[in-house]
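Here's a quick walk through the fold, one piece at a time. Keep the structure open as you read.

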Amino acid sequence: MPDLYAYTDGACSGNPGPGGWGVLMLAKDGDTVLKERTLCGGEALTTNNRMELLAAISALDALSRPSALVVVTDSNYVRNGVTSWIHGWKRNGWKTADRKPVKNADLWERLDTAQARHTVEWRWIKGHAGHAENERADELAREGMAPFKKKAGA
């Protein structure tokens, strides 16, 4: 059975501003890529964190059946949120430790639901550090942002 990887990234021009998300999905056998799929999208007025979350959600939602996969992100916000912080937020009714509403709770809830169908290993890599798959995800995020950037005149 091939190994499945989803490389995700978000981008924003201004924060908030026009934004995009991108996903590079690879089915691999060792170092050999068996199948590649790309996804991207965007919004007219958003934040970088929302785009990072939407990239991860979109990767998981794109899988038609429960799967084991590795999600690779350059966002500590996403990786730490989904592997650590989310448990306390859920216990606290989507409130932070200091009882304030969790920012982007709508997307965190979607991500929690999306990952529940799968067996997910979350990995963080440094962004803009020459990692080919992360750079490709970044290009896809910018592609997803492009139509909204033009409309905003940015």
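## What counts as buried

Before we start, a cut-off: a residue is called buried when its relative accessible area is under 20%. Keep in mind that this is a predicted model.

With that cut-off, take helix 1, residues 48-61: 10 of its 14 residues are buried, so the helix is largely enclosed by the rest of the structure. The buried set is Met51, Glu52, Leu53, Leu54, Ala55, Ala56, Ile57, Ser58, Ala59 and Leu60. End to end, helix 1 reaches 20 Å from its first C-alpha to its last, close to the 20 Å expected at 1.5 Å a residue.

Is strand 2 mostly buried or left open to the outside? Of its 13 residues (17-29), 12 are buried, so strand 2 is largely enclosed by the rest of the structure.

## Two hairpins

Strand 2 takes part in two hairpins. On one side, strand 1 (residues 3-12) pairs with strand 2 in the antiparallel sense over 10 bridges, and Asp3 sits opposite Lys28. There are 4 residues between these two strands, and Gly14 in the turn has a positive phi of about 90 degrees.

Asp29 stands opposite Thr32 here, while Gly20 has Gly42 as its bridge partner. This hairpin leaves 2 residues between the strands, and Gly30 in the turn has a positive phi of about 65 degrees.

## Helices across the sheet

## A look at Glu36

Glu36 belongs to strand 3 and is partly exposed, with a relative accessible area of 42%. Which residues does Glu36 touch, leaving aside neighbours within four places in sequence? They are Leu24, Met25, Leu26 and Arg136. With Arg136 there's a side-chain polar contact of 3.0 Å.

Glu36 and Ala6 are 30 residues apart in sequence, and their C-alpha atoms are 9.9 Å apart in space.

Notes:
Residues are numbered from 1 along each chain as its sequence is written. This is a predicted model: local features need pLDDT of at least 70, side-chain atom pairs count only at pLDDT 80 or more; totals for chains, interfaces and linings use all residues. Side-chain values use heavy atoms; hydrogens and water are left out. Buried means under 20% relative accessible area, exposed over 50%, partly exposed in between (1.4 Å probe, protein chains only). Two strands pair if DSSP finds at least two bridges between them. The expected span of a helix is 1.5 Å times one less than its number of residues. Contact means heavy atoms within 4.5 Å. A polar contact is a pair of N or O atoms within 3.5 Å; within protein, one must be able to donate a hydrogen and the other to accept it, and residues adjacent in sequence count only if both atoms are side-chain atoms.
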